[in-house]
Amino acid sequence: LSYDGLYPVLMLSMVIFTYGLTTLIGGSGFLAVYLGGLVLARQDFIHKNSLIRFHDGLAWLMQIFMFLVLGLLVFPSQLVEDPGPKILIALFLIFIARPISVTIALLFSKFNLRERLLISWVGLRGATPIVLGTFPLLAAVPQANAIFNIVFFVVLISVVMQGPLIVPIARWLGLQNPTPVRPRFPLEYEPRVPLENQMTEVVIPAQSSMVGQQIVNLHLPPQILILLIAREENFIVPRGSTIVEAEDTLLVLADKASLALLQDRVNSVEPL
């Protein structure tokens, strides 16, 4: 397109068209848009990074709008009416329904028992069931208001009960593994034409054979270009004499085959 600002407009138009057409023929517009997002996420196209940021900001805006609308539909006095059955439903979902469903879904997976227990606990109910709870209201289903209040109450119980206990339970199960802070490189790669090259971050583990070696002695293929090295809170412009240290994060530009070769070299403990 002639102007970069038209790409978000095009993408948003595709979302609306996908939703509208699917709904028109009797399908689920939400599911169609979701599947379309999955398909696009696997593709390489122009301005992909900027479009991801655009949709991320749009998603936050829609969440704010959604909670404002939900706040207009909720009456606290109705939520606390007859709380006994609502509490029982919430406890049933948290302690029985979800653990059983997770166990069945992950029956043939590689997750062990402790990991399955954690997965079953972190299944917080949130905005999605509340939005789905508005559908009976829109369709004027009998007792729709009661259904919506029950769903909203269950979500509140789930967030209040499960949310604060996620970290303690993960620690109790021995599964707490804080995600390391990834450096934010001051570079962005936007291919203008279809290219095989991609920009990737590669972390050097302490046991790698590359640790302590100069870049010139790594004998990397010419298709691999190291753009920057993130070391602690600093960025280093690499030269042939630059020594690779443990826990360095390399910003690399290369094709998929070369990246696979580099990853094997990074994970190798054999001397170069």
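1. Start with Phe 148. Phe 148 is buried, at a relative accessible area of 1%. Phe 152 is buried too, with a relative accessible area of 14%. Both fall under the 20% limit for a buried residue. Bear in mind throughout that this is a predicted model.

2. How are these two rings placed? Phe 148 and Phe 152 sit 4 residues apart in helix H8, so about one helical turn separates them. An α-helix has 3.6 residues a turn, so residues three or four places apart point the same way. The ring centres of Phe 148 and Phe 152 are 6.0 Å apart and the planes meet at 50°, so this pair is tilted.

3. The total is 4 aromatic pairs. Another of them joins Phe 30 and Phe 135. Here the centres are 6.3 Å apart and the planes lie at 25°, so the pair is stacked. The cut-off for stacking is under 30 degrees between planes. Phe 30 belongs to helix H2 (residues 29-41) and Phe 135 to helix H7 (residues 127-138), so the pair ties together parts 105 residues apart in sequence.

4. Phe 135 has 36% and counts as partly exposed. Both residues also belong to one aromatic cluster, together with Tyr 19.

5. Next, helix H5, residues 83-105. Which residues of H5 are buried? They are Lys 86, Ala 90, Ile 94 and Val 102.

6. Two loop residues deserve a look at the backbone. Most residues other than glycine have a negative phi, and most peptide bonds are trans. Asp 82 is not a glycine, yet its phi is positive, at about 50°. Asp 82 lies in the loop between H4 and H5. At 57% relative accessibility, Asp 82 counts as exposed.

7. The other residue is Gln 143. Its phi is near 60°, again a positive value in a residue other than glycine. Gln 143 is placed in the loop between H7 and H8. Its relative accessible area is 61%, so Gln 143 is exposed.

8. Now the sheet. Four strands form an open sheet, in the order S1-S4-S2-S3, and the pairing is antiparallel. Which strands are at the edges? They are S1 (198-203) and S3 (234-236), each of which pairs on one side only. From one strand to the next, the twist averages 25°.

9. Strand S4 (residues 249-254) pairs with S1 in the antiparallel sense, over 6 bridges. Thr 200 stands opposite Val 252 of S4. S4 is also joined to strand S2 (residues 225-231), by 5 bridges, and these two strands run antiparallel. Val 252 of S4 is the bridge partner of Ile 226.

10. How many residues of S4 are buried? The count is 6 of 6, so S4 is largely enclosed by the rest of the structure. In a regular strand the side chains alternate between the two faces of the sheet. Both faces of S4 are covered. Thr 249, Leu 251 and Leu 253 are buried on one side, and Leu 250, Val 252 and Ala 254 are buried on the other.

11. H10 lies across S1 and S4, and runs at about 5° to S1.

Methods. Residues numbered from 1 in each chain as written. Predicted model: local features only at pLDDT ≥ 70, side-chain atom pairs only at ≥ 80, totals over all residues. Heavy atoms only, no water. Buried < 20%, exposed > 50% of the residue type's maximum accessible area, 1.4 Å probe, protein only. Pairing = 2+ DSSP bridges. Axes fitted to C-alpha atoms, helices over the stretch in contact; angles between N-to-C directions. Contact = heavy atoms within 4.5 Å. Phe/Tyr/Trp six-rings, centres within 6.5 Å; stacked < 30°, edge-to-face > 60°.
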